[in-house]
Amino acid sequence: MSYLRAEEILPKELLEAVQQYVNGQSVYIPAKEKSDWGSGTDTKQILDIRNREIFERHFAGESVQELAMEYALSEKSIQRIIREQRTQNVAENTRRNDMSEYEYIDLMAQPELKGVAAKWFHEKWGVPETAYLECMEEYLSGVTKNGWYLCLHGENIVAGLGVIDNDFHDRKDLAPNVCAVYTEEAYRCQGIAGKLLIMAVEEMRAKGVTPIYLLTDHTSFYERYGWEFLCMAQGDGETEPSRIYIHK
């Protein structure tokens, strides 16, 4: 029987995971049917999915240490995966998108987009389309100062957020709230959401509305744009409390 060197055929992170159980010893790995999970193509796809998940969870606020424990990998492997995914994202986004083509708008400037925007937010968050449309119409008619802000790439909405009185939590005294923050996956990690957050804060401040708040389960993201953790609040229908941030 011939032997293969594991470091020559296994991904580094997989080798490190195996070394937690056997280190410097010979291990027999039985053959599997070609139709089973372990074909090279399937393995690569599974690792690609896992690596993308690690990157997105880190971007959402989970630490390298937490991810290393969750995926049974070393911290160096997690850091390498994050670097590679970030590089891949930048390359993909550079190919697909020209930053100069992005347009950041207040819905008030293009009210004809309200129907398309309401549908887009509904598809992202599952809140009834009519609820979004009602909030937008109140803003456009001057009933409220709470605005809606979009990033367009060509004719397509690629990111957006709104401002409403309360984002479905029990701290009704903390108002208004930024809500429905979302960026299409292919457009993430370019600072688009950050520009929309800054735009919303500045627009609301110009109307005399400050501070403003938001409810989230993310950590570390909003701090980049001047938001500060304030307290915990209970979201409607949620079993665990979420974080409330403030921008003064």
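The largest cavity has a volume of about 30 Å³, where a cavity is a set of points on a 1 Å grid over the protein atoms alone at which a 1.4 Å probe fits but cannot get out, and a volume is the space filled by probe spheres set on the points, joined across faces, edges and corners. The structure is a predicted model, in which local features need pLDDT of at least 70 and side-chain atom pairs count only at pLDDT 80 or more, whereas totals for chains, interfaces and linings use all residues. Residues are numbered from 1 along each chain as its sequence is written, and side-chain values use heavy atoms, with hydrogens and water left out.

A search of the whole structure finds 1 cavity of 30 Å³ or more. The lining (residues with an atom within 4 Å of a point) of the largest cavity consists of Val 201, Arg 205, Val 209, Thr 210, Pro 211, Ile 212, His 247 and Lys 248. Val 201 is located in helix H8; helices (H or I, at least four residues) and strands (E, at least two) are DSSP runs numbered from the N terminus. Val 201 counts as buried because its relative accessibility is 7%, the limit being under 20% relative accessible area with a 1.4 Å probe and protein chains only. Beyond its neighbours within four places in sequence, Val 201 is in contact (heavy atoms within 4.5 Å) with Ile 212, Trp 227 and His 247. A C-alpha separation of 9.1 Å is found between Val 201 and Val 178, which are 23 residues apart along the chain.

An open sheet of 7 strands shows mixed pairing in the order E1-E2-E3-E4-E5-E7-E6; strands pair if DSSP finds at least two bridges between them. Strand E1 (102-106) and strand E6 (228-233) form the edges, each pairing on one side only. Strands E4 (residues 177-183) and E5 (residues 212-216) run parallel and are joined by 2 bridges. Val 178 has Leu 214 in E5 as its bridge partner.

Notes. 1 Å grid on protein atoms, 1.4 Å probe; cavity = no way out; pocket = protein on both sides within 12 Å on 5 of 7 lines; lining within 4 Å. Buried < 20%, exposed > 50% of the residue type's maximum accessible area, 1.4 Å probe, protein only.
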